Amino acid sequence: MPIALVNDIRLHYEVFGAGEPVVLVSAAGASGRSWLIHQVPALLESGYQVCVYDSRGIPPSDECLGGFAIEDLVSDLVALLEFLDFGPARLVGTSMGAYVVQELALRRPELVRQAVLMACRARSDMLRTQLARSEIELAESGVTLPPSYRAVVRALQMLSPRSMEDQAAISDWLALLELAPPDGAGVRHQLALQPMPDRRAAYADIMVPCHVVSFAHDLVAPPMYGEELAECIPDATFDLVGDAGHFGYLERPEVVNRIITQYFASNDASGARGDTGMRRAP
């Protein structure tokens, strides 16, 4: 099990293939292995070397029970890129992972060749802030919810109507979500980062090529916030993927993989809005 000793913690990672490096950065509470079924094979087929890792808070990386800040997750990614000698690298982040990549692009642009930011935003709102705080409060209360109930609630939060109305698909999703263990302390620390400050003005200083991807039925990071983020970042481009919720990269992997690989393969990495602008993926 590959472990990088960075910033006084152990960070679990895996590297696949050969070629120009791509690093995939996961959402809060998600293992790096969530990328293995769909995105890693597509990127390997396109000739990239791919790294996935478990952020601090997610075993077998250190959970860091004393807590941490977004700056720590950014520093961990910097250290991992330097440990692997991957910079500048292409980066893909979703949800909290996109937040980490956004901050990295702002603070250490020399390490980022291109960035794809999915299910993302530049600020929080009252409802999503309260959702994160309520989930932490529930976890710390000691109440243990039945796995079947947790699975249904998570499906309603994270999936699109298309997945929920497909009886075979939702059966598989519920079975998978029931297997997820209750959130540990490390996950709660990650959830505490979800009420992000307003970074709209700061992100105007991001100068690396960025492509924002929102999912049409995302209740956690609605498309309006993705469009707003794309407008904040100079020359960023935007795609809206239909029939997908917050788990859009797992619900519509064929569409998401095509967006990622075409953006990475583009000779015009600057992505001028006049040419590609705001697009709606089928």
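Reply: Start with the whole chain. The chain of this predicted model has twelve helices and nine strands. A compact globule of 282 residues would have a radius of gyration near 19 Å; the chain has 18 Å, so the two agree. Its C-alpha atoms fill a box of roughly 50 × 45 × 40 Å along the principal axes. Buried residues make up 52% of the chain. Now look at contacts between residues at least 6 apart in sequence. Of these, 77% join residues at least 24 apart.

Now zoom in on the helix pair. Two packed helices are described by the angle between their axes and the distance between the axes. Here the pair is α2, residues 70-84, and α3, residues 96-107. Their angle is about 70°, and their axes are 9 Å apart. Angles of 65 to 115 degrees count as roughly perpendicular, and α2 and α3 are therefore roughly perpendicular to each other.

Which residues make the contact? From α2 come Ile70, Glu71, Leu73, Val74, Leu77, Val78 and Leu81. From α3 come Met96, Tyr99, Val100, Glu103, Leu104 and Arg107. Sort them by type: ten are nonpolar, three are charged and none is polar.

Next, follow the chain on either side of α2. Most residues other than glycine have a negative phi, and most peptide bonds are trans. The loop between β4 (48-53) and α2 holds Pro60. A cis peptide bond joins Pro59 to Pro60, with omega about 10°. Past α2 comes the loop between α2 and β5 (89-94), where Pro88 is found. The bond between Gly87 and Pro88 is also cis. Its omega is about -5°.

Two other loops have a residue to check for phi. Asp8 sits in the loop between β1 (3-6) and β2 (9-16). Its phi is near 65°, a positive value in a residue other than glycine. Ala119 is in the loop between β6 (112-118) and α4 (126-140). The phi of Ala119 is near 50°, again positive in a residue other than glycine.

Are these residues buried or exposed? Exposed means over 50% relative accessible area, and buried means under 20%. Asp8 has 83% relative accessibility, so Asp8 counts as exposed. Ala119 has 2%, so Ala119 counts as buried.

The accessible surface comes to about 12,300 Å². Carbon and sulfur atoms hold 55% of that surface.

Terms used
Residues numbered from 1 in each chain as written. Predicted model: local features only at pLDDT ≥ 70, side-chain atom pairs only at ≥ 80, totals over all residues. Heavy atoms only, no water. Axes fitted to C-alpha atoms, helices over the stretch in contact; angles between N-to-C directions. Helix = DSSP H or I, 4+ residues; strand = E, 2+ residues; numbered from the N terminus. Parallel < 35°, antiparallel > 145°, perpendicular 65-115°, else oblique. Contact = heavy atoms within 4.5 Å. Nonpolar A, V, L, I, M, F, W, Y, C, P; charged D, E, K, R; others polar. Rg over C-alpha atoms; globule rule 2.2 N^0.38 Å. Buried < 20%, exposed > 50% of the residue type's maximum accessible area, 1.4 Å probe, protein only. Areas by Shrake-Rupley, 256 points an atom, 1.4 Å probe, with all protein chains shown as cover.
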